[in-house]
Amino acid sequence: MPVAGSQPEGIVYAVDGNIYVSAFGIGVVYRVSPAGAFTLVTSLPAGHHIRGLAAGAGPTLHFGDYDGCRIYQYSLIFDALVSDAVPCQKIYDVTIGPDGLVWYAGGTKVGEITISGVVTYDPGDGAIAFGIATAPDGTIWYSGDTGLVPALTKIGQIRTEGVAPDAPVPPTTRTAVYITVRKSDGTVFFTLPVDDKYGMVRIDS
């Protein structure tokens, strides 16, 4: 990274043929050309950190202000940055949903930014959502923990009618952080950093 202490976390490949990297530590998004050249494309105010990075249509980039509970949209064509204030504890992750809209994991809230406003879901009594991913069946999956002591693993699914029951997970594992879904069959994968493991949820056909 061009700057020490950047702490890169998010990385996406965009339709313009470049890689984009978000630097949590300094609140900056970089464009990385095929030749490996870094260009700073946008940033947050000093002291703010970026969590989550997703590439949408337009083409656009979407990312969260970890400290300010705002979701930002950056246009790669118009070099314009706009944002929406959203209900959250912290912004931990963002994704593009099956409807083409932005979804986010905001700690005590999972939310979707719609044309008419933000729709939120509660991951559970005191539960925290850290990661979020889109499944091929049109649902959203989130990872996190129970928010209790100890903070045990929580994996949940959101359907159009609301939050579905949690997926079964090993009872002694701790916080699930990152989550992804295999498009070919809908299998959900998640990481368990404290347990030095990763896990999966197999979806019945």
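This is a predicted model: local features need pLDDT of at least 70, side-chain atom pairs count only at pLDDT 80 or more; totals for chains, interfaces and linings use all residues.
Residues are numbered from 1 along each chain as its sequence is written, and side-chain values use heavy atoms, with hydrogens and water left out.

**The sheet**

Let's start with four strands that form an open sheet in the order E13-E14-E15-E16, with antiparallel pairing. Strands here are DSSP runs of E with at least two residues, numbered from the N terminus, and two of them pair if DSSP finds at least two bridges between them. In general, strands of a sheet pair through backbone hydrogen bonds, either parallel or antiparallel. Strand E13 (128-134) and strand E16 (162-163) are the edge strands, each pairing on one side only. E16 runs antiparallel to strand E15 (residues 153-159), and two bridges join them. Look at Arg 159: its bridge partner in E16 is Gly 162.

**The disulfide**

Counting pairs of cysteine sulfur atoms within 2.5 Å gives one disulfide. Cys 69 is joined to Cys 88, with an S to S distance of 1.8 Å. These two come from distant parts of the chain, 19 residues apart. Cys 69 sits in the loop between strand E6 (60-65) and strand E7 (70-75), while Cys 88 is in the loop between strand E8 (80-85) and strand E9 (93-96). The link is left-handed, with -100° about the S-S bond. Cys 69 counts as buried because its relative accessibility is 14%, and the cut-off for buried is under 20% (1.4 Å probe, protein chains only).

**The pockets**

A pocket is an open set of points on a 1 Å grid over the protein atoms alone, where a 1.4 Å probe fits, with protein on both sides within 12 Å along at least five of seven lines; lining residues have an atom within 4 Å of a point. A volume is the space filled by probe spheres set on the points, which are joined across faces, edges and corners.

| Pocket | Volume | Lining |
|---|---|---|
| Largest pocket | about 470 Å³ | 22 residues |
| Second largest pocket | about 200 Å³ | 15 residues |

Val 94, Thr 95, Ile 132, Ala 133 and Ile 179 lie nearest the centre of the largest pocket. Strand E1 (8-13), strand E5 (50-56), E9, E13 and strand E17 (179-181) each give two or more residues to its lining. In the second largest pocket, His 62, Gln 73, Asp 84, Val 102 and Ile 113 lie nearest the centre, and E6, E7 and E8 each supply at least two lining residues.

Notes: Buried means under 20% relative accessible area, exposed over 50%, partly exposed in between (1.4 Å probe, protein chains only).
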